[in-house]
Amino acid sequence: MAAGRRLISFCDSFGHEEASVSCSKPENGCVDSLSIFHSEKAVEELLQQTPVAGMDEHLIEFSEALRTVAKALRRAAEGKASAQAEAAEWKRRYELERTRNIQMEQKARMAEQFSAEKNGDIDCERVKNSDNQSMLQNESNEHSETGCMKHGIWSHEVLRDRESDSNSNADRNKIMRKASFKLSWWCNGENGDQHKHDIVSFERGNITTAERSSKQISLKWESDPQTVLILTKPNSVSVRILCVQMVRWLRERKKLNVYVEPRVKVELLAESSNFSYVQTWKDDSEISHLHMKVDLVITLGGDGTVLWAASMFKGPVPPIVPFSLGSLGFMTPFHSEHFKDCLDSVLRGPISITLRHRLLCRVVRDAAKNEYETEEPFLVLNEVTIDRGISSYLTNLECYCDNSFVTCVQGDGLILSTTSGSTAYSLAAGGSMVHPQVPGILFTPICPHSLSFRPLILPEHVTVRIMVPFNSRSPAWASFDGKDRKLLAAGDALLCSMAPWPVPTACQVDSTNDFLRSIHDGLHWNLRKTQSFDGPRDRDL
Ligand SMILES: NC(=O)c1ccc[n+]([C@@H]2O[C@H](COP(=O)([O-])OP(=O)(O)OC[C@H]3O[C@@H](n4cnc5c(N)ncnc54)[C@H](O)[C@@H]3O)[C@@H](O)[C@H]2O)c1
Ligand SMILES: Nc1ncnc2c1ncn2[C@@H]1O[C@H](COP(=O)(O)OP(=O)(O)OP(=O)(O)O)[C@@H](O)[C@H]1O
């Protein structure tokens with residue numbers, strides 16, 4: 001009982017100590033570590049005085065707890081003391097820096113005065129006497145021209161800061177150097193300056209966009225087109241009829257050479273033997289030279305026929321004039337009924353062109369070991385799809401962008417789409433619709449088994465690498481514009497980057513007008529009955 005009373009009285013005194021700790025805070029808010037030290041000492045003394053032996057275990061535990069509390073308080077005080085010391089050090093450094101700045105400014109002003117006196121330059125006088133409004137302005141040019149730059153003080157933009165100290169004359173024209181930097185252009189693993197001036201200018205540290213690839217492009221013939229290739233959707237009577245009329249008109253009225261596919265030549269000859277002037281190719285190897293013979297490609301069909309036409313050119317593609325004879329016609333703005341007027345104006349030029357970016361896709365077998373190319377690359381105008389094919393398992397795809405890990409796709413698959421393809425499969429899988437002139441790679445999952453897998457749009461300069469991991473339960477399948485299925489076994493990878501050969505398609509009006517018309521007419525985008533005027537209105541506005 002006596003021990004208990006002593007403990008209670010200690011607790012009272014400790015509470016008092018606690019109170020004194022909180023009250024004895026110095027002005028700066030720091031806990032007085034001396035009082036904490038006293039309280040800890042008091043605990044020690046008490047524990048020594050108290051006949052611990054024989055006391056019950058609860059009292060021992062209680063005294064241990066008190067010791068812990070005292071220690072914690074001491075640590076807090078120590079922490080605050082060290083923070084205070086650090087703050088003092090920072091304040092010292094700040095003062096030092098400030099003095100140094102003032103000295104530099106004085107030097108700068110002296111240099112300015114010296115130059116002004118020497119050259120009698122009124123511009124420098126103006127700077128000296130200018131008001132102290134806060135503003136960022138590019139003075140380096142002016143000053144280098146007038147001689148104020150003689151001592152190399154202002155090599156970049158100067159910042160005059162009124163708020164620094166309006167009373168101090170020294171701070172009135174506060175001058176700070178802007179950090180200088182250089183931009184270099186990194187292209188396909190090579191460090192070179194080849195294209196940088198096309199894209200950005202960065203004179204005197206200011207980055208300005210010089211050129212945007214999304215500009216409307218216009219095609220003007222410098223000599224008259226001579227040869228036309230007509231590509232048609234198979235098994236369509238309306239297409240066949242139109243093809244006959246068009247070939248005749250192009251030959252008889254426009255005196256052009258006409259190329260068609262071997263299948264179409266057979267069809268034309270079946271129609272009339274007069275079509276013997278129509279040219280074609282005998283074997284597929286001749287197709288690789290077509291771009292050197294053909295000035296213009298005309299497609300008669302739907303979007304699939306435009307994809308077909310693009311797939312025939314593994315390198316540069318001649319301008320394509322797509323006529324709409326399909327169900328949707330997203331990329332086919334020309335109407336077949338007016339084909340003569342349309343072709344007349346295209347052959348005359350100039351015409352607006354949409355430069356549709358393509359993706360270059362390479363399948364790399366056993367990617368972990370062999371990086372060299374083993375198979376022909378594919379060029380896609382819409383997209384490359386990597387999916388589970390007939391397998392009932394989730395696809396498991398490891399995705400990298402350049403060398404950075406992007407994510408692991410677990411779902412039905414992944415679409416890597418061009419912006420032209422953004423309105424095709426990628427759209428159906430939840431991707432954004434993107435104007436076809438915007439360069440970029442859409443990264444759209446197909447039925448991902450996760451709640452948070454939103455589609456991405458990656459910049460055009462990256463290489464995307466999709467790998468089937470070794471622990472994948474099943475292989476994956478890659479398809480290119482919905483065709484040419486390729487098996488990707490565990491360890492295989494697909495590399496995808498922007499191809500250097502876009503597909504130029506002729507516009508009806510211009511690329512933006514054609515794109516918007518397609519999403520309105522083709523997809524009925526945001527179609528809603530307009531609300532009537534008749535109804536409740538906010539009369540206060
Ligand atoms: N779920 C889907 O939406 C889905 C599934 C498979 C393939 N596709 C698309 O079909 C394309 C192949 O086309 P196809 O004509 O050879 O096959 P298809 O005959 O099966 O036609 C597919 C449809 O997609 C339309 N389409 C094609 N490219 C388009 C584009 N860039 N913008 C808007 N619509 C477009 C076509 O007009 C056609 O109506 C593939 O590249 C793929 O994008 C879509
Ligand atoms: N010249 C061609 N040779 C072989 N196949 C072709 C050719 N042109 C088109 N195709 C194929 O025929 C299919 C149908 O073509 P297309 O998409 O142009 O017609 P559609 O389906 O009637 O039109 P839409 O795509 O507008 O619905 C596509 O799969 C396409 O790849």
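Predicted model: local features only at pLDDT ≥ 70, side-chain atom pairs only at ≥ 80, totals over all residues.
Local features need pLDDT of at least 70 and side-chain atom pairs count only at pLDDT 80 or more, while totals for chains, interfaces and linings use all residues. Residues are numbered from 1 along each chain as its sequence is written, and chains are lettered from A and ligands numbered from 1 in the order in which they are written.

Around ligand 1 there are 19 residues, of which Gly304, Phe330, Ala424, Tyr425 and Ala428 come nearest (a residue is near if its C-beta atom, placed from the backbone, lies within 6 Å). Two or more residues of this shell come from each of α10 (303-311) and α12 (425-428); helices (H or I, at least four residues) and strands (E, at least two) are DSSP runs numbered from the N terminus. Domain 3 (226-353) and domain 4 (359-501) each give at least three residues to the shell around ligand 1, with bounds from an automatic or database domain assignment.

Ligand 2 has 16 residues around it, and Gly301, Gly302, Gly304, Gly326 and Ser327 come nearest. Helix α10 supplies the largest share of this shell, 5 residues, and β8 (227-232) supplies at least two.

Elsewhere, helix α7 (residues 237-252) packs against helix α8 (residues 262-271) at about 80°, with axes 11 Å apart (lines fitted to C-alpha atoms over the stretch in contact, angles running from 0 to 180 degrees between N-to-C directions). That makes α7 roughly perpendicular to α8, a term for angles of 65 to 115 degrees.

Technical notes:
Parallel < 35°, antiparallel > 145°, perpendicular 65-115°, else oblique.
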